[in-house]
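Subject: Structure handover

Hello,

Here is the structure I promised to pass on. Please open it and keep it beside this message as you read.

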Amino acid sequence: MDAEIARIYAERRIEGLKPSFVMELLRLHACGPMTIGALAESVGRTHSALSQKVAAMRAAGWVETVAGADARSKEVTLTEQARGVIGRLAAEWRATEAAVAEIEAEVPYPLSRVVADIERALERKSFHDRIAEKLAEDPAWE
């Protein structure tokens, strides 16, 4: 799905944008500048994971970071480049949500349920632990 969304961006000449950046860009547009911690919490990610994503988004020209209220925090804000396409990104987000709903109506098992079921399974045992167990059984891994 991400590859198809990226194709949509390419067709509109939105260069260097990864579909995985859009939720954070839309959140920054809606809420204004936020610390990495606040942004991470608002999108349900860890501070560490979002810090890495912000670095990638900054390198691609979509966000800027400035010193926050205290010396330990940084505030993330949209760049002019991001502000210039944010309306299109919001439209794409709405269209993607509608397309997912359309797909869910066509299949007997909703995608949102698949995700929730996988999350519960991974809470019981992580993907890492599952792979490690399988590797422990494979003599070629030694």
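Predicted model: local features only at pLDDT ≥ 70, side-chain atom pairs only at ≥ 80, totals over all residues.

**The pocket**

Start with the largest pocket. Its volume is about 790 Å³. The lining is made up of 22 residues. To find the middle, look for Met-1, Asp-2, Trp-93, Glu-97 and Val-115, which lie nearest the centre.

What kinds of residue form the lining of the largest pocket? There are 11 nonpolar residues, 8 charged ones and 3 polar ones.

Next, see where the lining comes from. Four helices each supply at least two residues: α1 (2–11), α2 (22–31), α5 (80–106) and α6 (111–124). The largest share comes from α5, with 6 residues.

Domain 1 covers 1–106 and domain 2 covers 108–141. Each of them gives at least three residues to the lining of this pocket.

**The helix packing**

Two packed helices are described by the angle between their axes and the distance between the axes. I have two pairs for you, and α2 is in both.

Take α2 and α3 to begin with. Helix α3 spans residues 36–43. The two helices pack at an angle of about 115 degrees, and their axes are 10 Å apart. Angles from 65 to 115 degrees count as roughly perpendicular, so α2 is roughly perpendicular to α3. The crossing of α2 past α3 is right-handed.

Now turn to α2 and α5. Here the angle is about 120 degrees, with the axes 10 Å apart. How is α2 placed relative to α5, roughly perpendicular or oblique? That angle makes α2 oblique to α5. This crossing, of α2 and α5, is left-handed.

Best wishes

How values were computed:
Residues numbered from 1 in each chain as written. Heavy atoms only, no water. 1 Å grid on protein atoms, 1.4 Å probe; cavity = no way out; pocket = protein on both sides within 12 Å on 5 of 7 lines; lining within 4 Å. Points joined across faces, edges and corners; volume = space filled by probe spheres on them. Nonpolar A, V, L, I, M, F, W, Y, C, P; charged D, E, K, R; others polar. Domains from an automatic or database assignment. Axes fitted to C-alpha atoms, helices over the stretch in contact; angles between N-to-C directions. Parallel < 35°, antiparallel > 145°, perpendicular 65-115°, else oblique. Left-handed = near helix turned anticlockwise from the far one by under 90°.
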